[in-house]
Amino acid sequence: MKETLLQIQNIFRSERFKKYAKRIGIFILILFGLLLLACGGLSIYFNQNKTEIIAKVNHKINENIKGQFHVTDFHYKFLTGFPNFTLALKDVQLKDNQWVSHKHTLLKANEIEARLNIWSLMQNEISIHKIIISNADVYIYKASNGYSNTDIFKPKKKKTSDQEKRETTIDEVVLENVHVTIDNQLGHKLFDFAATDLKSKIDYEDDNWKTDLFLKTKINSLAFNTVHGSFAKEKELEGHFDISYNDEKENIDIKTKNLKIGSDVFDIVAFFNIGKGNSLFGINIQTNILWRNASNLLSANISSKLNQFNLKKAIAVNCDIKGDLNVEGDPKIVVQALIKNNELSIPDGLFTNCNFKGIFTNNFKPEKGFNDSNSAIILTHFKGDYESIPLTIPQAVINNLEKPIATGIVNADFDVSKLNGMANDKILHFESGHAKTNLRFQFDIVDLYIHKPRVIGNVDIDKATFEYLPKNIRAEKTDVKLSFTEQALYIKKIAYKHKKNSIRIDGRIDNFLNLYYDAPEKMVVNWNIYCPSIDVKQFLGILKNNQATKTAQKKTAKKNVNFSNQLKSVIEKCTAIINLKADKITYGALTATNTKATLQMLDSKLLLKNGTVQTSGGNIAFNGAIEPNGKYYVFSSTAQIYRVDMASFLKSFHNFGITSFNPKNIRGRLSSNANVTGFMSAKGDLIVNSMRGRLSFDVNQGALLNFGPIVKVGKFAFPFRDVENINFSDLSGDVNLRGEQVDINKLTISSNVLNFDVEGIYSFGRGTNLALTIPLRNSKNDSQLATQAERDAVRDRGIVLHLLAVDDNGKIKIKWGKRGK
């Protein structure tokens with residue numbers, strides 16, 4: 001190594017090396033001197049020929065334009081761009097002949113630097129090696145009548161072989177801080193770019209050319225339809241473009257890879273036809289991008305809708321844009337995206353584990369043009385979990401983005417306990433069971449929410465156990481089969497158990513889904529219910545409303561609620577008409593069989609119509625209503641009672657609160673007509689002194705056994721008759737109920753012991769005032785008379801007593817007298 005260094009040092013010190021070094025230095029000095037002489041010569045040439053050079057430039061420009069070209073100053077840049085001749089044009093303006101009418105200057109530049117080929121210039125040709133435009137505005141304007149300020153450029157003349165060599169060419173273009181606007185009033189398009197840097201080297205082949213162009217710009221507007229707004233608005237763009245021009249086709253092709261727009265990169269292939277009779281263009285864009293980033297690159301009319309949704313992970317996107325630059329309206333846009341293992345957010349919830357292909361097109365039906373009303377979003381092979389519910393959608397279409405309509409098929413197969421993830425835990429709670437759905441759907445989307453849904457298909461739920469918490473209802477191992485048609489929802493089978501009650505249900509709801517969302521208060525549910533056994537009192541709680549809950553719902557009400565809140569609202573507001581058939585019904589101590597009735601549930605009110613039951617050995621036909629009122633239930637009823645056993649019937653209703661006798665004091669078959677209202681307790685017991693209305697009755701084969709008031713009267717008036725065992729040939733009455741008091745309009749008693757009539761007021765508390773009319777004759781043998789007319793003729797013969805039964809400090813006191821005297 002040391003020897004090598006010594007050899008190199010010896011070479012540098014040798015006389016031979018010094019001799020060659022001196023010659024090289026002299027050569028460089030001579031070359032530099034020649035360079036200075038050449039530049040000086042060029043400067044002298046420009047100064048001596050400036051007028052001629054400017055004339056040539058002006059002549060060249062003027063022969064190619066129809067308008068006005070103005071430059072404030074020309075000057076030569078010494079040594080810049082050597083060996084080319086560099087000419088700087090200051091304050092350049094280029095205007096077309098119609099500038100006065102539209103006021104849009106085609107070109108306004110602080111400086112344009114042109115580097116001209118010296119040898120071409122000496123041969124009377126203008127060959128521009130490089131042009132640099134700095135701090136300029138380019139405004140390309142096309143009026144609504146089709147006129148453009150680019151018409152300033154005259155069409156090319158047909159070239160001869162001699163002229164072909166003299167064609168002006170530009171080898172390289174550089175833009176620095178150039179603002180470019182393309183304002184197409186004819187097609188309602190506006191492209192606006194603030195280019196901070198553009199570099200383009202151009203290769204020519206005859207009239208064709210190609211370039212590798214670098215561009216860094218800000219997109220102020222990329223509006224293919226100014227009504228709808230700009231694509232990629234306010235985004236920074238940076239990248240390289242391969243651009244080529246074919247003169248015969250009048251076509252520009254553009255390709256770019258890894259083009260940066262905002263924070264994302266894109267691969268783009270595009271073409272633009274620039275001939276007068278052909279202005280078609282096409283752009284294809286590919287990228288992997290986040291949903292919101294992609295949405296924010298689109299025009300406002302599209303992004304405002306897409307931003308209501310989101311995908312968590314980046315998606316592979318391919319976008320095709322095709323159109324005509326001279327045609328008004330949007331171009332054709334087709335966007336395709338492949339989504340794998342992603343999370344999809346929608347206004348109503350969240351889909352996880354999403355896989356599907358999505359397509360957007362603004363030309364869903366080819367003959368209807370490119371617009372929002374003909375736009376569609378198409379989903380295919382969709383699989384995902386909605387709030388833990390696995391769903392599959394082979395295909396779904398959202399058509400017409402002005403008034404969106406969604407159509408498709410949805411399938412699901414899941415354990416119903418997964419519904420707890422969707423349901424409000426204060427409304428529904430599912431424990432077990434399995435569900436399968438196969439539904440074809442169509443619904444409108446208003447403000448991105450479901451409206452006027454139409455569903456056809458089936459939902460099958462097997463052995464579901466759940467609780468409806470607001471009503472404290474628990475259903476065990478319930479089977480439900482639902483069938484949706486265009487006309488109605490058919491409930492084919494519900495097997496339901498509640499406490500000791502077993503119920504089988506089928507039914508129909510007309511216009512179900514429209515009313516479910518828009519007007520649940522107009523919904524009528526027609527049920528057919530069969531109960532082997534049912535306890536009425538256990539179901540009264542279903543009618544009870546939770547006022548606190550209702551108040552809270554009013555305070556927090558939103559236009560869109562989750563399905564369980566909506567379900568609760570529907571249950572509370574809809575009208576249910578129930579055709580009930582029960583083998584056995586119990587109501588406290590009352591047991592009825594062979595029950596049939598039509599029940600109508602309206603809000604929290606229960607209406608009973610055309611009811612019939614068999615109880616206490618007789619039949620009862622009834623109509624009625626029950627409605628919660630504070631801590632009580634208000635009821636109203638009309639009833640026709642036919643030949644029920646009085647003792648059993650009175651015992652079932654706790655003797656209606658009458659304490660002066662109990663059911664063991666009476667026997668017989670009761671027939672009655674009643675029209676009464678009143679209150680029941682929360683447990684379903686009658687509050688006797690609340691009843692109001694009218695009651696008429698008739699007892700056949702009746703007997704009064706050891707009835708206290710009669711026994712007292714009998715001992716006073718008939719000491720030798722058996723008043724403890726009275727058999728009736730006639731026991732009938734007509735009374736008005738007024739809460740605590742009963743107005744006895746008529747009470748007729750014909751018996752083997754005595755006959756008497758009663759009228760006046762009977763009170764369950766204080767205020768009894770009854771008038772008793774009692775013939776003294778012995779009626780023991782009246783029953784042997786053949787006809788009722790004969791019995792009526794002898795009934796009041798003889799001495800008649802007039803007694804009063806009045807209240808005396810809560811006890812009944814008997815005294816002589818007539819009522820009112």
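G702 is found in strand 32 (residues 686–705), where strands are DSSP runs of E with at least two residues, numbered from the N terminus. With a relative accessible area of 3%, G702 is buried, a term that stands for under 20% relative accessible area, whereas exposed stands for over 50% and partly exposed for the range in between (1.4 Å probe, protein chains only). Not counting residues up to four places away in sequence, G702 touches R667, G668, I726, N727 and F728, a contact being heavy atoms within 4.5 Å. The C-alpha atoms of G702 and R667 are separated by 5.3 Å, although the two residues are 35 residues apart along the chain.

The model is predicted, so local features need pLDDT of at least 70 and side-chain atom pairs count only at pLDDT 80 or more, while totals for chains, interfaces and linings use all residues. Residues are numbered from 1 along each chain as its sequence is written, and side-chain values use heavy atoms, with hydrogens and water left out.

The largest nonpolar core has 171 residues, and M523 and W527 have the most contacts inside it; such a core is a set of buried Ala, Val, Leu, Ile, Met, Phe, Trp, Tyr and Cys residues joined through side-chain atoms within 4.5 Å. Strand 20 (residues 428–446) supplies the largest share of this core, seven residues. Leaving aside residues up to four places away in sequence, W527 touches I491, I494, I505, D506, G507, A576, I577, I578 and N579.

The count of aromatic pairs comes to nine, where rings of Phe, Tyr and Trp (its six-membered ring) pair if their centres lie within 6.5 Å, and planes under 30 degrees apart count as stacked, over 60 as edge-to-face and the rest as tilted.

F281 is buried at 1% relative accessible area, whereas F272 counts as partly exposed at 22%. F272 and F281 also belong to one aromatic cluster with F191, F224 and F231.

The count of disulfides, defined as pairs of cysteine sulfur atoms within 2.5 Å, comes to zero. C354 is buried, with a relative accessible area of 0%, and C531 is buried at 1%.

Conventions
Helices (H or I, at least four residues) and strands (E, at least two) are DSSP runs, numbered from the N terminus.
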